[in-house]
Amino acid sequence: MTVFPVITSTISAKALGTFVREKYNLNKNYACKLFRTGMNHTYFLSDNKTTYVLRVYSHNWRSKDEIIEELTLLNLLRENNLNISYPIKDKHGAFIQDIKAPEGIRYLVVFSFAKGNKIRFTDKETCFSIGALMAKIHNLTLNKTINRVSYNKASLLESPYNHLKPYFSEELPEMKFVKEISEFYKNTDFESVPKGIVHMDIWYDNMAINNEKEVTIFDFDFCGNGAQILDIGYFCKQLFHIETDKKEYEIKMNYFLDGYQSVKLLSDNELKLIPKAGLAVFVFYLGVQAQRFDWSNVFLTQNYLKMVYLPRLKSWITYNHIEKQL
């Protein structure tokens, strides 16, 4: 019987737990459980007192050099006492493990567990705290670069369209609309604003909030180089879709921006670019879903484009009068 190769496997939690306990010199009380599959696969390793997060990067998703850059950034943030989930060294001082999966080499990193809960509907005070923490990260990484992707008009708007073409006809109205969005932007839009290292995925699903409303940010898998307003715009756009009451959205958005500016002031130009920044990042993630079709094929359909994703883009465009900014 022919044994077929696989695209993506799910590593046994039991076997992974045994592997990590040995590599990190942990006692046998630590049990490993699969938390979720997705862009990468996430496991929790816990002995009911201490919990670690295991991320098994998908095969050929990130190179080892890219992961090293991510971890170097996290260690810099930790050294400056910023609340982030940070990588843990093994007993030999290494941060990255090689996993021989059926599809090929995958990389494993153990992270600290961010204490608290994911809270979809954050209150205004928490939004202030999120803004302040984001600004502290931006202050520390201002004008710095890492050896990873640069987020610009090409990578944010043009590449996603090209990733979608193998799955959707360019004659579809939805595809034409995605292509037209790039016309809202000038090449100079993000050239005159502060740049540095950006997280690119700061929203409630990638942060934990404890009882004291202390915020911890994690999952820097998409970190790269670009205009810092991209992080701000993305958070505002996510908040916009979470808060159906737009008056509530405006209140919380302003608290978030006040928190940010309590640490790092925003120019008038940056504030004006928030809608475009949020839109650009959402288009980018539509491209990611096509790029990682093995992960997203359950919902990446013509109906999904028409009924779910593009209406979100259009509602944001209309609310912020982006067409009038041309």
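Is Asn80 buried, partly exposed or exposed, and at what relative accessibility? Asn80 counts as partly exposed because its relative accessibility is 38%, where buried means under 20% relative accessible area, exposed means over 50% and partly exposed lies in between (1.4 Å probe, protein chains only). The model is predicted, so that local features need pLDDT of at least 70 and side-chain atom pairs count only at pLDDT 80 or more, while totals for chains, interfaces and linings use all residues. Residues are numbered from 1 along each chain as its sequence is written, and side-chain values use heavy atoms, with hydrogens and water left out.

Asn80 is placed in the loop between helix 2 and strand 4 (96-101); helices (H or I, at least four residues) and strands (E, at least two) are DSSP runs, numbered from the N terminus. The C-alpha atom of Asn80 is separated by 8.4 Å from that of Leu140, a residue 60 positions away along the chain. Leu140 also belongs to the contact between helix 2 and helix 3, to which Leu73, Leu76 and Leu77 of helix 2 and Ile137, Leu140 and Thr141 of helix 3 contribute; contact means heavy atoms within 4.5 Å.

Two packed helices are described by the angle between their axes and the distance between the axes. For helix 2 (residues 64-79) and helix 3 (residues 124-141), the axes come within 11 Å and cross at roughly 110 degrees. Axes are lines fitted to C-alpha atoms, for helices over the stretch in contact, and angles run from 0 to 180 degrees between N-to-C directions. Helix 2 and helix 3 are therefore roughly perpendicular to each other; angles under 35 degrees count as roughly parallel, over 145 as roughly antiparallel, 65 to 115 as roughly perpendicular and the rest as oblique. The crossing of helix 2 past helix 3 is right-handed. A crossing is left-handed if the near helix is turned anticlockwise from the far one by less than a right angle, and right-handed if clockwise. The residues in the contact of helix 2 with helix 3 comprise five nonpolar, one polar and no charged. Here Ala, Val, Leu, Ile, Met, Phe, Trp, Tyr, Cys and Pro count as nonpolar, Asp, Glu, Lys and Arg as charged, and the others, Gly among them, as polar.

Helix 5 supplies Glu174, Phe177, Val178 and Ile181 to the contact, and helix 10 supplies Leu305, Lys306, Leu310, Leu313, Lys314 and Ile317. By class, this contact of helix 5 with helix 10 has seven nonpolar, no polar and three charged residues.

Tyr255 lies in helix 7 (residues 246-261) and, at 30% relative accessibility, counts as partly exposed. Leaving aside residues up to four places away in sequence, Tyr255 touches Lys124, Cys127 and Phe128. The C-alpha atoms of Tyr255 and Phe128 are 4.9 Å apart, although 127 residues separate the two along the chain.

Two loop asparagines have a positive phi. Asn48, in the loop between strand 2 (41-46) and strand 3 (51-56), has phi near 75 degrees and counts as exposed at 78% relative accessibility. Asn143, in the loop between helix 3 and helix 4 (153-164), has phi near 65 degrees and counts as exposed at 64%.
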